[in-house]
Amino acid sequence: MQTKLFDSNPSDLVLNLLPKDGCAQYLPGLFDETQANALFEALEASLPWQPDHLKMFGQAVTTRRKVVWVGDPDCTYTYSGVLRHPQAWTPEILRVKAKLEAIASCQFNACLLNFYHDGKDGMGWHSDDEKELEYQSPIASLSLGSTRKFAFRHKQDKTTASLFLENGSLLLMHPPTQQFWHHALLKTTTVQTPRINLTFRKIRDVS
Ligand SMILES: O=C(O)CCC(=O)C(=O)O
Ligand SMILES: [Mn+2]
């Protein structure tokens with residue numbers, strides 16, 4: 001599948017990275033190096049980063065990786081068995097949100113930010129398919145800082161696909177990707193510098 005992201009620039013054709021059952025598109029250089037580094041520094045300094053608390057195999061686990069959940073006031077979200085209440089949007093994150101909404105042609109109301117100190121921090125296999133999430137909406141993932149390997153694995157036949165997410169790049173995961181594929185941010189011993197990832201999501205209106 002080939003999709004055009006922008007009307008203005010013919011070089012912005014991006015391919016689907018997945019062979020079937022979904023669509024993931026990678027757009028490197030959405031922010032140039034200077035912009036991406038400035039955004040990284042602003043987010044690192046201004047947000048109330050906290051370790052994440054997960055339930056794995058019935059056990060409470062505290063991660064080394066740090067997170068912030070940001071969103072509209074009513075956007076509570078449960079994942080890994082833990083209920084999160086959103087922090088208020090900041091001007092920087094709202095600017096990013098507007099840019100990604102224009103590209104993805106949809107509206108987001110929440111964003112999970114992850115801070116990975118180095119390659120020892122990662123995120124295990126999962127899909128972003130919690131019941132609160134709007135199934136029809138894509139997930140837009142912006143990467144800042146160190147380049148890291150991101151992998152997909154098909155839930156049934158275990159086919160894999162992977163790519164390197166670079167500073168300032170965007171990964172769009174369209175429906176029904178979350179239904180058929182797990183994804184992971186792989187740990188590595190070769191990365192010593194930090195990375196911030198923002199995944200913009202749409203929480204369903206349950207009112
Ligand atoms: O850090 C990444 O690139 C992926 C993060 C992720 O999968 C998530 O926040 O659900
Ligand atoms: Mn995810």
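Me: Which side chain does the side chain of Y135 make a polar contact with?
Reply: That would be Q179: the two side chains make a polar contact at 3.0 Å. Keep in mind that we're looking at a predicted model.

Me: OK, and where is Y135 placed?
Reply: Y135 is in the loop between strand 9 and strand 10, and strand 10 covers 139-145.

Me: What else does Y135 touch, leaving out residues up to four places away in sequence?
Reply: Besides Q179, Y135 touches P175 and P176.

Me: Two prolines in a row, then. What's the peptide bond from P175 to P176 like, cis or trans?
Reply: That bond is cis, with omega near 5°. P176 itself is found in the loop between strand 13 (169-174) and helix 3 (177-180).

Me: How far is the C-alpha atom of Y135 from that of L163?
Reply: They're separated by 24 Å, and the two residues are 28 apart along the chain.

Me: Switching to the ligand. How many residues surround ligand 1?
Reply: There are 14 residues around ligand 1, and the closest are Y116, D128, H183, R195 and R201.

Me: What kinds of residues make up that shell?
Reply: Six are nonpolar, five are polar and three are charged.

Me: Which polar side-chain atoms lie by its oxygen atoms, and at what distance?
Reply: Let's take them one by one. R201 has a side-chain N or O atom 2.9 Å from an oxygen atom of ligand 1. For H183, a polar side-chain atom lies 3.1 Å from a ligand oxygen. With N114, the distance from a polar side-chain atom to an oxygen of ligand 1 is 3.2 Å.

Me: And how much of ligand 1 does the protein bury?
Reply: Taken alone, ligand 1 exposes 300 Å², and the protein buries 98% of that.

Me: What about the space ligand 1 takes up?
Reply: That space is the largest pocket.

Me: Which elements give two or more residues to the shell?
Reply: Four strands do: strand 8 (110-116), strand 9 (123-126), strand 14 (181-185) and strand 15 (195-201).

Me: And which one gives the largest share?
Reply: Strand 15, with four residues.

Terms used. Residues are numbered from 1 along each chain as its sequence is written. Chains are lettered from A and ligands numbered from 1 in the order in which they are written. This is a predicted model: local features need pLDDT of at least 70, side-chain atom pairs count only at pLDDT 80 or more; totals for chains, interfaces and linings use all residues. Side-chain values use heavy atoms; hydrogens and water are left out. A residue is near a molecule or strand if one of its heavy atoms lies within 4 Å of it. A polar contact is a pair of N or O atoms within 3.5 Å; within protein, one must be able to donate a hydrogen and the other to accept it, and residues adjacent in sequence count only if both atoms are side-chain atoms. Accessible areas come from the Shrake-Rupley method with a 1.4 Å probe; for residues, only the protein chains shown count as cover. On a 1 Å grid over the protein atoms alone, a cavity is a set of points where a 1.4 Å probe fits but cannot get out, and a pocket is an open set with protein on both sides within 12 Å along at least five of seven lines; lining residues have an atom within 4 Å of a point. A molecule sits in a cavity or pocket if more than half of its atoms lie within 2 Å of its grid points. Ala, Val, Leu, Ile, Met, Phe, Trp, Tyr, Cys and Pro count as nonpolar, Asp, Glu, Lys and Arg as charged, and the others, Gly among them, as polar. Contact means heavy atoms within 4.5 Å.
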